[in-house]
Structures are given as structure tokens and as C-alpha cells.
Amino acid sequence: MKEFLQNKLSDRAQRLDGKAIKEIVELIAQPNIISFAGGLPSPESFPAEELASLSEKMLREKGAQALQYSDTLGLKALREKIAQRYQNEGVEVRTENVMMVSASQQALDFVSRLLINPGDVVLCGLPSYLGGIDAFKSYDAQMVGIPLDEQGLSASHLEAKVEELIQKGQQPRFLYLVPDFQNPTGITMPRFRRLEILQIVEKFDLLILEDSPYRELRYQGEAQPTFYSLDASGRVITLGTFSKTFVPGFRLGWILAHPLLIEKLALIKQTADICSSTFVQALTLEYLEQDQFDANIQRNVKIYGEKQQVMLNALEEFMPSRVKWTQPEGGLFLWVELPDEINARQLLAKAVEKGVAFVPGDVFHCDGSGQNTFRLNYSYTTHEQTQEGVQRLADAVAEMITISTR
């Protein structure tokens, strides 16, 4: 029966994998494991009591609207509110530039449907967000990676690679970026690098897909301008979400783009789910209108900034000297580089035996490289778990280094 059903699947469905994300979920679920694998926000960051009160009030006063279908683009008042938040930062965003989606992952799927034909080249960082890579591959994109340096995606490598591809007759469709506290490295791209990259994409007539889920979770340093704000040609599509700054379970995000693209994306969304949850949109709007959102973000910044510092301190205290890691100015992740001879997947097996888990770095590399790297998340574990987990992980690393030098 299994073989019979397998033969009924489309070619695209048979190529779907998702193994890496499945493994991450399974690691998170194990009760005896201290998991640095997922990207789960801390439950202490959720404004549960405020939402309970607002939900009751909203259902009594606006229940008929909140429980009904809504416009495919999303509640107009919520789209206006999101546009206003960008305008407050000096970014030219109008309501017609905004479409609500069921969080960033749906947005990645929709943009893939909008832009990718089978075999098209999509450019991304080495490493880059796993969910983005999987989304693009699911539409038969040919992924081409561009190395990162300490300032994010390398502009010189990008230009050289695009020239090489065009000479081969392969015009890339778009460049995928997570410029603020990148998942998985935590690196933030400075303004000058963003301008360099914009010049390159304009030169070669490329689009940019800017994924920005962590931008407001900054613990130090100065905010950098979005690609959307720097672009004057309409070639940037920006994705935002409430998952990391508000409530992940609401599965609510948005797309910023030129109205022509928003119009096409709305047609795609109609075939997917007609509209995102009206109730969730209405409750989020209510919360924003109560002026509680920014205060909640500041609470989250304090919570996650402290959690990050606990992990950085533990790494400094316990990790062998040959190991390197990033020190992000915000976000939820940091990136660890092992000595070249250490394989992160082999390390993971030893770490799990010691009761701690992470995500090996090769899954974030579209070319399968990064064998000696891995990602750590610090937002979900308690301070005590982080301290203990890093110590266990450092013990596993030390054992692997000892074995490799024999």
C-alpha cells in the first residue's frame, strides 16, 4: 500500500524532504534533553493575562466581526497600523504595500510561488535560514550560496557569482537575505554593506527577499536601515512577523511589497486559505491600539538580552579555546565554529548522550558545507539550563578534540 501511494504522488511531492526540521522538532520534544536546537520564544515573554482580558472585551463588543471571514489582504485597520509603524521609522509604506499572512513561513511559500519557475537560480547566504532554503527548494529552485563574512553576505562574492551565472545563461531570480541578527549566525549587516548589495542587485536587475523576523529584538548597538527603506526601485520584498516579538502561536505576519506584487500575492493566498485568522488579527490590532505592544517588546528585549549573556558567559567559561562563536547584537541565535577536523553531526550524537542538543550547521548550507559548525538558540532555556547545557556541550567538544588529536 505504501508503494502504491508513493507512486501516486506528484514529482514535486516526492522530492519534498523536511528531514532537518523534523529532527529539530524531535530534539525539542525529548524531556531529558536541554535543547538549544529550536527557535522557540520564551513562554515568559507572552502577554497572556493582557490578551485574556482583551479577548473577552473584543468578543463582547466586536464578536460578529472578529469571528467572521475577512479580506484576503487582511484587516485594513491592522495593515494601516503596520504601515504607520514603518512610517514612524521614516520608511515610506502605505496600506496598499501590506498584506497579512499566516506568519513568515507562509510568506516564504507565497513568494516562492510568485517568483520561482522550476530550475530557476535563487541566491542565499552560506549559511542561511533553513525554512527559506526548504521553501525555495520545494518549488524546484536551484540554490546557489554566497559566503558570509563578519559584515554579513559578502558583496564581492555576490557580484562575482552573479557575473559567473549570467555568463552561463542563468539569470538569478532573487537574493534571499536575513539582514538583522541573521538566522543562523546572528550577524547583522551594516548600512554600507546593504548599500553595496543594493548596487549589485540594481546592476544585474535582481530582486531582494528581505526576511526580518528579529529586527526589533536588539540588545545593543544601533538599528540599521531595512533594505526596503533604502530601495527606491520597488525591487525589495520584506517579510515581517509577530511570532518572535509577540505571540508565535498566533501565526501572524505580513509582506511588504510593491502594490503590483501584493495584488498577485493576494491571488495566491486566496487559493491557500482565503484569509488569515480574523480573530487573531482583530486581537492583535486591539493589543496594538492599547499601546501595549512596544512595552511588551521592551520586556522581551530585557528577557532575551539576559538569556543571551548567560550563554555567552557560559561559552567563555567552559568551551575549549579552539572553538569560536559569534556575539550578536540581538536576535535569538548564535553560531559556533569548531576546529576543521570536528564534524558537528558526530558531535551532536555525543552531545545527545550527555543530554544536550543543537542544530548541525550543514543544514543551513544549501551546498551541504559547514560540517564543522552549528547553531545555538538561547531564548527558550532557563538561565540554569543554559549554564548546565553549555557545560555538557563543552565536555562533548573537548572529548571530540581529544579523539581527533590522537
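Colleague: Where in the chain is arginine 251 found?
Modeller: This is a predicted model, in which local features need pLDDT of at least 70, side-chain atom pairs count only at pLDDT 80 or more, and totals for chains, interfaces and linings use all residues. Residues are numbered from 1 along each chain as its sequence is written, and side-chain values use heavy atoms, without hydrogens and water. With helices (H or I, at least four residues) and strands (E, at least two) taken as DSSP runs numbered from the N terminus, arginine 251 sits in the loop between β8 (236-241) and β9 (253-256).

Colleague: What is the relative accessible area of arginine 251?
Modeller: Under 20% is buried, over 50% exposed, and partly exposed in between (1.4 Å probe, protein chains only). Arginine 251 is partly exposed because its value is 39%.

Colleague: What is the phi of aspartate 291?
Modeller: Most residues other than glycine have a negative phi. Aspartate 291, in the loop between α12 (278-289) and α13, counts as exposed because its relative accessibility is 64%. Although not a glycine, aspartate 291 has a positive phi of about 60 degrees.

Colleague: Which residue is joined to proline 184 by a cis peptide bond?
Modeller: Most peptide bonds are trans. Proline 184 lies in the loop between β6 (174-177) and α9 (191-203). Its cis bond, with omega about 25 degrees, comes from asparagine 183.

Colleague: Is glutamine 308 buried or exposed?
Modeller: Glutamine 308 lies in helix α13. Beyond its neighbours within four places in sequence, glutamine 308 is in contact (heavy atoms within 4.5 Å) with Tyr219, Gln220, Pro328, Gly330 and Tyr378. Because its relative accessibility is 2%, glutamine 308 counts as buried.

Colleague: What is the radius of gyration of the protein chain?
Modeller: The secondary structure of the chain comes to 15 helices and 14 strands. Taken over C-alpha atoms, the radius is set against the globule rule, 2.2 Å times the number of residues to the power 0.38. For 406 residues that rule gives 22 Å, and the chain is close to it, so it is as compact as a globular protein of that length, with a radius of gyration of 22 Å.
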